[in-house]
Amino acid sequence: VTLVDLSFSRAFNFAQGRRIVPRLDIYNLGNAATVVVLNPAVGGSYLAPSQIVAPRIMRVGFSLNF
C-alpha cells in the first residue's frame with residue numbers, strides 16, 4: 001500500500017514579533033481504497049472486505065504567536 005500525506009505551511013511575520021502560520025494537511029492524497037482486512041468467515045461474506053484504508057482527509061488550521 002502506498003499512501004501519500006502532504007503538509008503545507010508558511011510563516012507570516014508581523015511587527016513586534018507577532019506571527020501567524022496557516023497550515024494545510026492532506027492525508028491519503030490519492031484516495032486509495034485499498035483493502036486491509038478480508039473476512040475469513042465461512043458463508044456469504046467469505047473474503048468480503050471488512051476494513052479499507054481511511055479516505056482522503058484535509059485539515060486546515062493556523063497558529064498564532066503574539
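Predicted model: local features only at pLDDT ≥ 70, side-chain atom pairs only at ≥ 80, totals over all residues.

**Exercise 1. Strand partners**

Find which strands pair with S3, and in what sense they run.

Solution. 
- Step 1: Begin with strand S1, residues 6–9. S1 pairs with S3 in the antiparallel sense, over four bridges. To see this pairing on screen, look for Leu6, which stands opposite Ile26 in S3.
- Step 2: Go on to strand S2, residues 12–13. S2 and S3 are also antiparallel, with two bridges. Here Asn13 stands opposite Arg19 in S3.
- Step 3: Finish with strand S6, residues 57–65. S6 runs antiparallel to S3 and is joined to it by nine bridges.

**Exercise 2. A salt-bridge network**

How many salt bridges does a search of the whole structure find? Work out which residues they link.

Solution. 
- Step 1: Count them. The search finds two salt bridges.
- Step 2: Take the pair Arg23 and Asp25. Their side chains meet with an N to O distance of 3.0 Å. A salt bridge needs a nitrogen of Lys or Arg within 4 Å of a carboxyl oxygen of Asp or Glu, so this pair qualifies.
- Step 3: Take the pair Arg59 and Asp25. Their side chains form a salt bridge at 2.9 Å, again N to O. Arg59 belongs to strand S6 and Asp25 to strand S3, so this pair ties together parts that are 34 residues apart in sequence.
- Step 4: Arg23, Asp25 and Arg59 are linked in a network of salt bridges.

**Exercise 3. Buried or exposed?**

Decide whether Asp25 is buried or exposed, then do likewise for Arg23 and Arg59.

Solution. 
- Step 1: Read the value for Asp25, in strand S3. Its relative accessible area is 3%, and buried means under 20%, so Asp25 is buried.
- Step 2: Turn to the arginines. Arg23 has a relative accessible area of 42% and is partly exposed. Arg59, at 45%, is partly exposed too.
- Step 3: Look at what surrounds Asp25. Leaving aside neighbours within four places in sequence, Asp25 is in contact with Leu6, Ser7, Ile57, Met58 and Arg59. With Ser7, the side chain of Asp25 makes a polar contact of 2.7 Å.

**Exercise 4. An asparagine in a loop**

Where is Asn28 found, and what does its side chain reach?

Solution. 
- Step 1: Locate Asn28. It is found in the loop between S3 and strand S4, which spans 35–38.
- Step 2: The relative accessible area of Asn28 is 4%, so under the 20% cut-off it is buried.
- Step 3: Follow the side chain. It reaches the backbone oxygen of Ala54 at 2.7 Å.
- Step 4: List the contacts. Beyond four places in sequence, Asn28 touches Leu3, Val4, Asp5, Val53, Ala54, Pro55 and Arg56.

**Exercise 5. A surface patch**

Which residues make the nonpolar surface patch?

Solution. 
- Step 1: Name the members. They are Val35, Leu38, Tyr46, Leu47 and Ile52, and the patch is about 470 Å².
- Step 2: Examine one member. Leu38 lies in strand S4. With a relative accessible area of 43%, Leu38 is partly exposed.

Conventions: Residues numbered from 1 in each chain as written. Heavy atoms only, no water. Buried < 20%, exposed > 50% of the residue type's maximum accessible area, 1.4 Å probe, protein only. Polar contact = N/O pair within 3.5 Å; in protein donor to acceptor, adjacent residues only side chain to side chain. Contact = heavy atoms within 4.5 Å. Patch = residues over 30% accessible without salt bridge, like charges linked within 9 Å, V, L, I, M, F, W, Y side chains within 5 Å. Areas by Shrake-Rupley, 256 points an atom, 1.4 Å probe, with all protein chains shown as cover. Pairing = 2+ DSSP bridges.
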